Amino acid sequence: MNKTKFVITGGVLLAAFILIYFAKMPETLKKKSTLEHNHQVPQQLIRAEGYIKEGKLNEAKMILLNRVEEFNYEEKTYYWLSFIFVQEEQFDRAFDFIKPLVEKTTDARILTDIGSILAMKGYSQAAFSCYGKAVNVDSEYIPAYIELGKHYGNQEKFIQAINVWQDGLRKDPANKEIVELIKQANLLWEKQSEDLETVETD
C-alpha cells in the first residue's frame, strides 16, 4: 500500500518555530517572566532570543545554559534549549531538557510542539504522550487534536485519527483543516479496507 503522510505542522523547523513563537508568545510564559524576575523579562533571555532569530544558535545556547546553571528549571529556557539541540541533532542533550519540560509544563502549545519534534524523529510513543497531555491540560487547544490525529494517521490508524479530529471538530465546528483531514483519512481507511479484503480473498 502506498503510504500517505499527514504533514506535521508543529514547530519542528526552527525558523518556522521562531516566527510562530514571536507572533504569539504564550500568555503563561509572559506572566511567569513578569512575576519571577522583578516585573522585567530577563535581559539574558532577550539577548538569547535575539541570537536565535539571527540564527546564532551557539551564542544563544551559551546564554541559556548559563541560566540553567543559575536558575535550574525555567520553562522558557528549557523550551529554547530543546529546539536548539534538536536543530543541532544532539538528541541526547535535547532529551535532557525535553523530559523535565514535558513533565512540568502545563502549556498545551509547548507540549504539542515537542510532540511534533518527537514524531518527526521517530519517538512515536513519546509523541503520543505529549499530544495526549496537551489535550488533557487544555481541551480547547485545537492544534493538539490536529497533530495527535495526524500522528495516528501516519501510523495508519485512521479510525483513531478520525475520532480525535471529530473531538476537535466538536470544539471548533468551523475548522476547515479538520474537516479536510477527516475526508482524507476516510478515503485512506476505505482504501486500506479494500486492500485487506483483496489479501483475504487471494
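**Close-up views of a predicted helical model**

View 1. The model is predicted, with local features requiring pLDDT of at least 70 and side-chain atom pairs counted only at pLDDT 80 or more, whereas totals for chains, interfaces and linings use all residues. Residues are numbered from 1 along each chain as its sequence is written, and side-chain values use heavy atoms, with hydrogens and water left out. A polar atom of the N175 side chain lies 3.0 Å from the backbone nitrogen of I178. Leaving aside neighbours within four places in sequence, N175 is in contact (heavy atoms within 4.5 Å) with I142, I146 and L169.

**View 2. Packing of α9 against α10.** The axes of α9 (residues 142-154) and α10 (residues 158-171) come within 7 Å and cross at roughly 170°, each axis being a line fitted to C-alpha atoms over the stretch in contact, with angles running from 0 to 180 degrees between N-to-C directions. The two helices are therefore roughly antiparallel to each other, a term used for angles over 145 degrees, while those under 35 are roughly parallel, those from 65 to 115 roughly perpendicular and the rest oblique. On the α9 side the contact is made by I142, Y145, I146, L148, G149, K150, Y152 and G153, and on the α10 side by F158, Q160, A161, V164, W165, D167, G168 and K171. By class, this contact has nine nonpolar, four polar and three charged residues; Ala, Val, Leu, Ile, Met, Phe, Trp, Tyr, Cys and Pro count as nonpolar, Asp, Glu, Lys and Arg as charged, and the others, Gly among them, as polar.

**View 3. The aromatic pair of F85 and F97.** The structure holds seven aromatic pairs, defined as rings of Phe, Tyr and Trp (its six-membered ring) with centres within 6.5 Å, whose planes count as stacked under 30 degrees apart, as edge-to-face over 60 and otherwise as tilted. F85 and F97 form one that is stacked, at 5.8 Å centre to centre with 5° between the planes. This pair links distant parts of the chain, with F85 in α5 (residues 75-87) and F97 in α6 (residues 91-104), 12 residues apart. F85 counts as buried because its relative accessibility is 2%, and F97 counts as buried because its value is 5%. Ring pairs link Y73, Y78, F85 and F97 into a cluster.

**View 4. Y123 in the loop between α7 (108-120) and α8 (124-137).** Y123 is partly exposed, with a relative accessible area of 37%. Not counting residues up to four places away in sequence, Y123 touches F95 and L118.

Terms used: Helices (H or I, at least four residues) and strands (E, at least two) are DSSP runs, numbered from the N terminus. A polar contact is a pair of N or O atoms within 3.5 Å; within protein, one must be able to donate a hydrogen and the other to accept it, and residues adjacent in sequence count only if both atoms are side-chain atoms. Buried means under 20% relative accessible area, exposed over 50%, partly exposed in between (1.4 Å probe, protein chains only).
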